[in-house]
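Dear colleague,

Please find below the sequence and structure that I am handing over to you. A short account of the findings comes after them.

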Amino acid sequence: VDFEFDSVVSEDRGHAIELAERAVEAGRELIVAAGGDGTVNEVVNGIMQAAQQGGTARLGVMPIGSGNDFAGALGIPTDMQRAAEILKRGAVRRIDVGTVNGRYFDNNVGMGFEAQVNIEAHKMTWLRGQMMYLAAILRATVSFPHPVVTIDRDGQRIENKSILMVTAGNNRRIGGGFLVFPDAVPDDGLLDLCVVDAIPRREILRLLPKLPKGHHVSEPVVEMTRFTRLVVESESPLPVHADGEILWNDAHRVEIEVLPDRL
């Protein structure tokens, strides 16, 4: 594909935020994240931070990571030639973006068990995609406690709820291809919410085969809703991830909001 570009390489965690923000400030109109969901998250944060100062740029994605859920949900292929042709064609879609305690995310935020799965997945450099996340789920089931939380969804409060996990999604896919939010739409002005009750290990293993195709949504222990603002509070510390990157291991209050039509 005949496509002129400048290439810069991020050197450590968080560096791509700075690189993307500087590129927008320099007048670049298209910022392409070449990497996985974590790289996309950092580039989105750089673009959004620059937007606070009046900068405007579009996001492009070359999905070369282990999960590529954001790209996969939006139909961006992992074949680099085809992904580059999409960039050259220049078709643009505006989508929502979310914030979690002030940080931006584009795909999903998970707390509790799902974040623990991401912690385990980051230890498994020899696996990729769904196999990595399946192995991480099996590891996480061994020792994860069931936190008791208060959930406030657009003013509706649920007190003292024992949970396995709470996860919010802007797209259908997480975890390398699991359809946790099978009906999610990235430009509807809402985030989808999945709350799973505290369940024993054998129940987690029974639910697991239903996740890849979204068949968990009819389970009595699973609640699926949508929201514009969510607050989760917990006395015990919660692990929290955004787009597969662990943000906190010890959060006690997590506030998530949707910013419609921003990206």
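Predicted model: local features only at pLDDT ≥ 70, side-chain atom pairs only at ≥ 80, totals over all residues.

Residues are numbered from 1 along each chain as its sequence is written, and side-chain values use heavy atoms, with hydrogens and water left out.

The protein has seven helices and eleven strands; these are DSSP runs numbered from the N terminus (helices: H or I, at least four residues; strands: E, at least two). The C-alpha trace spans about 55 × 40 × 30 Å along its principal axes. The radius of gyration is 18 Å, which agrees with the value near 18 Å for a compact globule of 263 residues (taken over C-alpha atoms; the rule is 2.2 Å times the number of residues to the power 0.38).

Of the 263 residues, 52% count as buried, meaning under 20% relative accessible area (1.4 Å probe, protein chains only). Among contacts (heavy atoms within 4.5 Å) with a separation of 6 or more, 70% come from residues 24 or more positions apart.

Helix 1 covers residues 15–25, and its buried residues are His15, Ala16, Ile17, Leu19, Ala20, Glu21 and Val24. They pack against strand 1 (30–35), helix 2 (37–52) and strand 4 (103–105). After helix 1 comes Gly27, with a positive phi near 95 degrees.

Yours sincerely

Key
Buried < 20%, exposed > 50% of the residue type's maximum accessible area, 1.4 Å probe, protein only.
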